[in-house]
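A short report follows it.

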Amino acid sequence: MTSILQCMDCERQYRTDTVIYTCDDCGGLLDVVHDLDALRSLVSRELFDSRLGSLDFPYNSGVWRYKELVYPDAPDDLIVSRPEGSTNLYPVPRLAKWAGVGTLYLKHEGENPTGSFKDRGMTGGVTQARILGKHSVACASTGNTSASLAAYAAWANLRGIVLFQNKQVALGKLAQAIAYGATCIRVNADFDKNLALVREISAELDIYVLNSVNPFRLEGQKTIMIEMLQQLRWRVPDWVVCPGGNLGNSSAFGKALRELYDLGLIDRLPRLAIIQAEGANPLYRAYQRGFDRLEPMHAETIATAIKIGSPVNYPKAVRALRWTDGVVEQVSDQEIMEAKALIDGVGIGCEPASGCSLAGIRKLVENGTIKPQETVVGVLTGHVLKDPDATIDYHADRIPNLRAVCPNRPIEAEGTLDDLRRVLSTPIPTAT
Ligand SMILES: *Cc1c(COP(=O)(O)O)cnc(C)c1O
Ligand SMILES: [Zn+2]
């Protein structure tokens with residue numbers, strides 16, 4: 001069985017061992033296209049269910065459990081896995097009530113080995129780097145891709161190279177890239193400029209590029225949807241809601257759902273809702289204009305993981321929205337941090353960008369798009385420890401133009417029982 005690379009625009013095909021990121025002829029984005037007819041007789045719900053809880057490599061991974069749908073031709077001895085995935089799907093009745101829906105689950109991709117969903121793509125991308133025989137891998141990143149690339153490169157004994165923006169890289173992410181031994185380069189340019197630089201230097205120095213323009217990463221990220229559906233016993237929710245930055249995740253979700261439907265593993269598609277920050281909303285703006293075109297913009301938001309003004313996967317995200325009858329919504333930084341505080345407050349926790357999902361769900365219920373009786377799955381993209389500054393500054397009310405609704409401020413006390421009694425006699429404020 002052979003998968004191929006195919007341009008989504010002109011449909012030109014390339015072998016999967018070609019080192020290529022966009023179409024040589026037209027510049028279009030590439031898809032890894034699997035032989036669905038051959039797969040139809042191979043994959044089933046039962047096959048994937050039988051691998052749950054497996055202790056054996058590579059099926060102990062929540063990505064490679066679905067190997068037939070990710071990269072069927074990958075030789076097992078070249079697979080680079082931590083292993084990733086197998087993240088929890090939490091029922092959250094208190095947050096459902098706040099958002100105004102009957103049934104809400106949060107799928108926490110912050111529970112991956114390096115604390116974000118990027119690991120699901122990175123295992124595919126670094127595996128492909130080994131299949132191609134590359135010795136170095138690189139990316140430009142708002143943070144989490146770098147953390148993930150650094151770890152997977154180290155694990156595979158490859159050189160990892162990451163380009164950061166000079167400012168506004170969340171502390172946890174920078175610390176990870178340094179710790180895992182990647183070559184960390186700070187460049188005084190925004191994400192979009194850094195990505196262009198990485199693509200040029202990599203072509204010159206024979207480095208494999210692992211940004212989300214890389215189609216093998218998206219194959220790994222598809223497994224968020226597959227695993228979520230398996231956790232729901234293959235009962236399809238009405239909505240899947242996720243944040244949108246470079247739009248790799250939403251693109252991968254669309255492809256996954258379409259393939260699962262074509263293979264008969266699900267009998268209908270959920271609707272996809274992509275949530276952007278108001279200050280980084282190029283997809284939302286294009287959506288408002290009927291997707292006439294993408295207008296790149298200068299991006300500003302406290303949710304640094306989605307501070308992207310020119311998302312590379314825009315055409316694939318639009319395709320995913322068309323396939324799933326999807327919608328795009330925007331939320332303010334105030335709404336993002338409020339939702340994050342609520343997710344933190346039930347004991348789950350996430351980084352700011354993930355707050356988009358819950359904030360977006362509430363907004364879509366308010367404006368009548370999501371109906372109160374519908375079943376909704378929100379995707380949390382990153383771990384609560386990724387951006388400790390944002391959390392601490394929020395609760396200290398130190399973020400300009402933003403107000404903490406229910407701040408949890410550390411209390412100063414003297415080391416006496418009397419003082420502790422005084423402190424503990426005040427009632428606890430409740431968030432939800
Ligand atoms: C990368 C990232 C995003 C954005 O995902 P895209 O696939 O680029 O749209 C959102 N949240 C977190 C935590 C991320 O690391
Ligand atoms: Zn093309």
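The zinc ion (ligand 2) is coordinated at 2.3 to 2.4 Å by Cys7 (SG), Cys10 (SG), Cys23 (SG) and Cys26 (SG), where donors are N, O and S atoms within 2.8 Å of the metal (3.2 Å for Na, K and Ca), and sites may look incomplete since water is not among the atoms. This is a predicted model, in which local features need pLDDT of at least 70 and side-chain atom pairs count only at pLDDT 80 or more, while totals for chains, interfaces and linings use all residues. Residues are numbered from 1 along each chain as its sequence is written, chains are lettered from A and ligands numbered from 1 in the order in which they are written, and side-chain values use heavy atoms, with hydrogens and water left out.

The angles among the 4 donor atoms of the zinc ion (ligand 2) are 94 to 120 degrees, and the site is tetrahedral (four donors with all angles between 85 and 135 degrees). The donor residues follow the spacing C-x2-C-x12-C-x2-C in sequence.

| Residue | Relative accessible area | Class |
|---|---|---|
| Cys7 | 1% | buried |
| Cys10 | 37% | partly exposed |
| Cys242 | 0% | buried |

The structure holds 0 disulfides (a disulfide is a pair of cysteine sulfur atoms within 2.5 Å). For Cys242, the closest cysteine sulfur, in Cys356, is 9.6 Å away, which is too far for a bond.

Key. Tetrahedral: all angles 85-135°; square planar, octahedral: opposite > 155°, others 65-115°. Buried < 20%, exposed > 50% of the residue type's maximum accessible area, 1.4 Å probe, protein only.
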